[in-house]
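Please read them with the structure open beside the text.

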Amino acid sequence: MPLAITPHHGAAGGYRPPGISGLHDVIDAQVRDRPDAPALVVGEAREAVSYRALTTLADELAQRLLDAGLRPHRPVGLVSADNLEFAVALLGTARAGLVLAPVDPALPEQERRRRYTALGVQAVLTGPPVAPPARQDGGPPHWPLTVRRPGGGRYGIALHAGTVTDGAPADGAPADGTPHGAADRLTGDDALALFTAGTTGRAKIVPLTHANVVASLHGITTTYELTPGDATVAAMPFFHGHGLLAGLLATLATGGCLLLPERGRFTAHTFWDDMRAVSGTWYTAVPTIHQILLRRAPEEYPGPLALPLRFARSCSAPLPTATAHALERLLDAPVLSAYGMTETTHQAASEPLRVPRDRAPGSVGLPTAGQIHVLDAGRRPCAVGTEGEVWVHGPAVARGYLAEPAETAAAFHDGWFRTGDLGFQDTAGRLYLTGRIKNLINRGGEKISPEHVEEILAAAPGVTEAAVFAVPDPTYGQRVGAAVVLAGGGTVTERDLLAHCRDQLAPYEVPERLVIAPSLPHTAKGALDRGAVADLYGH
């Protein structure tokens with residue numbers, strides 16, 4: 001049976017964002033005003049965890065961590081699925097004044113250790129299903145964290161922690177009590193240390209302050225008018241900004257309800273059933289997940305009358321226009337594209353919820369937490385409709401990368417972050433993304449946006465996903481290659497797809513190598529893994 005969650009009836013008298021000052025008090029107003037309301041729904045039995053219970057668990061963990069000797073304003077790692085343990089660790093470390101650094105649990109243990117050594121964490125909390133490494137010497141101590149409810153009673157914490165004395169954990173962490181690694185660049189204002197989306201050692205560390213988090217949540221919750229009447233299902237991983245800010249924290253800050261899938265990650269065959277269980281009013285995901293849900297809709301989507309759905313949100317990768325239109329027809333609700341990245345504390349722009357005239361096909365909308373400029377190579381503003389590099393400014397922009405002075409100097413300038421994305425703005429200030437500077441294919445001097453070619457391929461009948469990449473060429477330098485995934489049972493041929501491209505692309509943009517693939521590789525957050533695609537098909 002669905003939980004008793006009041007349906008959303010709109011924001012009366014103008015929307016008011018949540019009054020929070022940082023990650024440490026993100027749910028305090030809910031605990032005061034609605035302590036018994038469901039904050040999270042967890043486990044196979046879909047048990048509701050109230051705001052009162054959640055803050056009790058967070059406070060208990062905060063005290064346990066401080067009793068173990070961890071120092072405030074220093075980093076603590078977290079490796080966990082999207083479960084109750086993750087939420088408790090997030091809130092508990094914040095309430096203890098610690099800086100939380102979550103990582104992808106799917107990363108190899110050696111890579112996780114490398115990142116945590118580089119950051120200089122005091123300890124690493126491990127939540128289910130992650131087990132501590134068999135040997136903990138030579139790196140930060142790993143402390144298993146579980147949240148239990150014995151006999152259906154009160155939830156409680158089991159934390160197997162070492163003891164820290166004079167800065168030295170008894171189980172083998174570095175003996176020096178001063179910050180080590182990049183930790184000495186952290187300050188008392190910092191709330192999170194997030195790793196950029198690199199899948200190898202190239203990932204950089206982005207420190208996010210409490211003020212950054214507040215600014216981001218203000219933009220997200222105001223854009224979508226989130227209230228206690230809203231409910232959703234976690235489809236995006238919490239170790240990354242999309243799932244953490246737009247999924248988990250935006251819901252908790254506004255008093256909504258979030259269902260955590262049983263295995264702590266998105267599962268297509270249970271998604272709509274999970275949404276029905278909490279009377280879901282919205283969800284956010286990457287285009288790949290939207291495409292999966294579309295493909296499975298004939299067998300699994302319960303129909304628009306089964307859910308009080310207000311909108312769906314898409315972020316972290318370009319959403320093909322054809323996919324957006326098909327999804328809107330299916331859901332009978334707007335599909336809103338958003339734009340953001342770790343360095344901007346996730347959301348920097350979004351299509352609006354209630355102003356149809358401010359929506360336009362292909363746009364990612366208007367700034368939601370500051371300003372966006374499009375600049376040319378000389379850092380001069382581009383004219384309306386002219387392509388340039390996208391720069392973002394505002395209170396949600398991070399101050400730089402930890403222990404990366406050259407990278408920081410290249411990307412951050414007087415409060416502005418140069419994204420490396422290409423785009424243009426229209427007369428209303430709406431932003432349209434056209435590609436990544438580093439992704440451009442240079443075919444004999446002709447610069448080709450892979451994202452543009454992918455948009456055309458994705459709109460071809462029978463295509464569910466497309467990836468475009470550079471193919472090395474001794475004459476032109478690079479040529480255009482493409483790999484596409486077809487819908488099950490499709491009869492589309494390479495000749496059909498190339499004919500479709502010739503009708504809508506310039507001759508130099510048409511793929512000269514086209515592969516029909518069974519599937520395409522993706523990153524942990526669900527975005528297309530361009531490096532892996534090029535490795536598979538670009539040689």
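1. Thr345 sits in the loop that runs between strand E16 (335-341) and strand E17, and in this predicted model its phi is positive, at about 50 degrees, although the residue is not a glycine. Thr345 has a relative accessible area of 1% and is therefore buried, the cut-off being under 20%.

2. The next point concerns His346, which belongs to strand E17 (residues 346-350). The phi of His346 is near 75 degrees, again a positive value in a residue other than glycine. Most residues other than glycine have a negative phi, and most peptide bonds are trans. I would therefore look at Thr345, with phi of about 50 degrees, together with His346, with phi near 75 degrees, under the background just given.

3. What does the side chain of His346 make a polar contact with? The partner is the side chain of Arg313, at 2.9 Å. His346 has a relative accessibility of 3% and so counts as buried. Beyond residues up to four places away in sequence, His346 touches a set of residues that includes Ser216, Ile220, Gly241, His242, Leu245 and Ala246, and also Arg313, Cys315, Tyr339, Gly340 and Met341.

4. A further backbone feature is found at the peptide bond from Pro128 to Pro129, which is cis, with omega near 5 degrees. Pro129 is placed in the loop between strand E5 (124-126) and strand E6 (142-148).

5. Leu40 lies in strand E1, which covers residues 38-42, and with a relative accessibility of 0% Leu40 counts as buried. When neighbours within four places in sequence are left aside, the contacts of Leu40 are with Glu47, Ala48, Val49, Leu54, Leu84, Ala87, Leu248, Leu252, Leu258 and Leu260. For one of these residues, Ala87, the C-alpha atom is separated from that of Leu40 by 9.1 Å, while the two residues are 47 apart along the chain.

6. With neighbours within four places in sequence set aside, Arg34 is in contact with Ala29, Tyr51, Pro228 and Gly255. Of the pair Arg34 and Pro228, it can be said that they are 194 residues apart in sequence and that their C-alpha atoms are 9.2 Å apart in space.

7. Asp274 is part of helix H7 (residues 268-277) and counts as buried, with a relative accessibility of 6%. The side chain of Asp274 makes a polar contact with the side chain of Arg46, at 2.6 Å. Leaving out neighbours within four places in sequence, the residues in contact with Asp274 are Arg46, Val233, Leu259 and Pro261.

8. Gly423 is found in strand E22, which spans residues 416-425, and is buried, its relative accessible area being 0%. Apart from residues up to four places away in sequence, Gly423 touches Val374, Thr386, Glu387, Gly388, Val390, Tyr432, Leu433 and Thr434. Between Gly423 and Ile437, which are 14 residues apart along the chain, the C-alpha separation is 10.0 Å.

9. Turning to the chain as a whole, it contains 13 helices and 28 strands. Its radius of gyration is 23 Å, close to the 24 Å that the globule rule gives for 539 residues, so the chain is as compact as a globular protein of that length. Taken along the principal axes, the C-alpha atoms fill a box of roughly 65 × 55 × 45 Å.

10. Of the 539 residues, 56% count as buried. Where contacts join residues at least 6 apart in sequence, 67% of them are between residues at least 24 apart. The chain exposes about 21,900 Å², and carbon and sulfur atoms supply 52% of that area. As for charge, the chain carries 46 positive and 54 negative charges, and the mean positions of the two sets are 1 Å apart.

Notes:
Residues are numbered from 1 along each chain as its sequence is written. This is a predicted model: local features need pLDDT of at least 70, side-chain atom pairs count only at pLDDT 80 or more; totals for chains, interfaces and linings use all residues. Side-chain values use heavy atoms; hydrogens and water are left out. Helices (H or I, at least four residues) and strands (E, at least two) are DSSP runs, numbered from the N terminus. Buried means under 20% relative accessible area, exposed over 50%, partly exposed in between (1.4 Å probe, protein chains only). Contact means heavy atoms within 4.5 Å. The radius of gyration is taken over C-alpha atoms; the globule rule is 2.2 Å times the number of residues to the power 0.38. Accessible areas come from the Shrake-Rupley method with a 1.4 Å probe; for residues, only the protein chains shown count as cover. Lys and Arg count as positive and Asp and Glu as negative; His and the chain ends are not counted. The place of a charge is taken as NZ of Lys, CZ of Arg, CG of Asp or CD of Glu. A polar contact is a pair of N or O atoms within 3.5 Å; within protein, one must be able to donate a hydrogen and the other to accept it, and residues adjacent in sequence count only if both atoms are side-chain atoms.
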